[in-house]
Amino acid sequence: MDSDDDQTIPLSQRPEWSDVNPVPQNDGPNPVVPIAYTDEFRETMDYFRAVYLSDERSSRSLQLTSEAIKLNAGNYTVWHFRRLILESLNADLHEELDYVENAAKKNSKNYQIWHHRRWLAEKLGPDAAFREIEFTKKILSLDAKNYHAWSHRQWVLKTLGGWDDELEYCNQLLKDDIFNNSAWNQRHFVVTRSPLLGGLDAMRDSEVNYTIEAIVQHPENESSWRYLRGLYKNDLKSWVNDPRVSSVCLKILSAKSRCIFALSTLLDLICQGLQPSSELKEAVDSLKSSNVESSSSGLAETICSVLESMDPLRVNYWSWRKEHIPTLTP
């Protein structure tokens with residue numbers, strides 16, 4: 001849609017702009033801290049102000065917004081005016097998607113670019129879903145935790161569709177990097193929101209098995225432990241009563257693994273009513289250091305003492321937990 005031809009020539013020397021009187025920026029008579037703009041930036045914005053104030057929605061104005069965006073991709077007024085021009089010209093929005101994709105290569109975390117992209121997708125409707133899914137996939141292949149790309153992808157799925165391969169996409173991301181907390185978050189989004197999967201209740205059993213396998217392979221990965229807890233959202237009873245949850249804690253702790261997440265999960269289970277087995281008690285005892293004694297008050301307090309020793313950065317938190325153990329604790 002836009003060309004770089006003649007952009008190296010000052011606007012004041014281009015014949016097609018000879019009829020326009022540029023409008024300088026007005027900082028008042030005594031600006032406190034004048035900004036040292038480059039000559040190119042100053043001239044481009046002076047001409048932009050001229051067409052903006054006259055509301056000139058023309059092809060040359062569209063081209064001018066491209067030049068202004070190239071100099072400052074975060075100028076929301078320029079982007080806003082660009083959208084007005086596109087609508088007035090009945091422009092090819094697929095070509096505009098190409099433009100945005102090029103702009104995003106160097107500005108993948110620019111709010112204005114992503115807002116503009118969403119506006120285009122809304123205009124194009126469900127037919128844009130596949131292209132938007134692929135676009136975010138490209139961005140995420142370069143930065144797997146790009147918040148803007150994930151936010152846009154979720155909006156596309158909810159608004160335009162494209163759920164078919166999303167769970168498999170999460171599988172692949174986690175296969176590549178099991179510690180990718182953004183992929184875990186997306187997996188939970190898919191499991192709970194996808195109209196194709198039946199919701200969390202229908203998916204819980206298989207997801208618990210998947211997550212436990214991930215925990216066993218990498219017990220130090222906090223993301224998988226958090227995901228496991230999230231699978232029982234608003235259903236603490238099922239979380240406490242599912243033997244797989246306490247069993248994975250036992251498996252990790254029995255290996256004498258100093259896993260903070262296994263201990264903290266076990267602590268939460270006990271505080272919610274879990275009756276710990278003798279094997280769990282033995283596993284916790286095996287992790288005690290010489291300055292940690294078993295508590296007569298129960299296993300939960302002993303776990304807090306162990307965590308105070310193992311996790312010095314959060315020693316005050318574990319001390320607080322010890323003082324606020326529910327009375328239902330055995």
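This is a predicted model: local features need pLDDT of at least 70, side-chain atom pairs count only at pLDDT 80 or more; totals for chains, interfaces and linings use all residues.
Select residues 9–91 for domain 1, then residues 245–289 together with 296–329 for domain 2. The C-alpha centres of these two domains are 63 Å apart.

Next, select residues 76–89, which form helix 3. This helix has 14 residues and spans 20 Å from its first C-alpha to its last, close to the 20 Å expected at 1.5 Å a residue.

Look at the two ends of helix 3. At its start, show the side chain of Asn75: one of its oxygens comes to within 3.1 Å of the backbone nitrogen of Thr77. Just after the helix, select Asn90, where phi is positive, about 50°.

Now show the side chains along helix 3. Which residues are buried there? They are Val78, Trp79, Phe81, Arg82, Arg83, Leu84, Ile85 and Leu86.

Move on to the largest nonpolar core, which has 97 residues. In soluble globular proteins, nonpolar side chains tend to be buried together. Select Trp225, Leu228, Leu263, Leu266 and Ile303, the residues with the most contacts inside this core. Then select residues 260–271, helix 14, which supplies the largest share of the core, nine residues. Domain 1 and domain 2 each contribute at least three residues to this core.

Finish at Leu228. Leaving out residues up to four places away in sequence, what does Leu228 touch? Select Val208, Thr211, Ile212, Ile215, Val245 and Val248 to see these contacts.

Methods. Residues are numbered from 1 along each chain as its sequence is written. Side-chain values use heavy atoms; hydrogens and water are left out. Helices (H or I, at least four residues) and strands (E, at least two) are DSSP runs, numbered from the N terminus. The expected span of a helix is 1.5 Å times one less than its number of residues. Buried means under 20% relative accessible area, exposed over 50%, partly exposed in between (1.4 Å probe, protein chains only). A polar contact is a pair of N or O atoms within 3.5 Å; within protein, one must be able to donate a hydrogen and the other to accept it, and residues adjacent in sequence count only if both atoms are side-chain atoms. A nonpolar core is a set of buried Ala, Val, Leu, Ile, Met, Phe, Trp, Tyr and Cys residues joined through side-chain atoms within 4.5 Å. Domain bounds come from an automatic or database domain assignment. Contact means heavy atoms within 4.5 Å.
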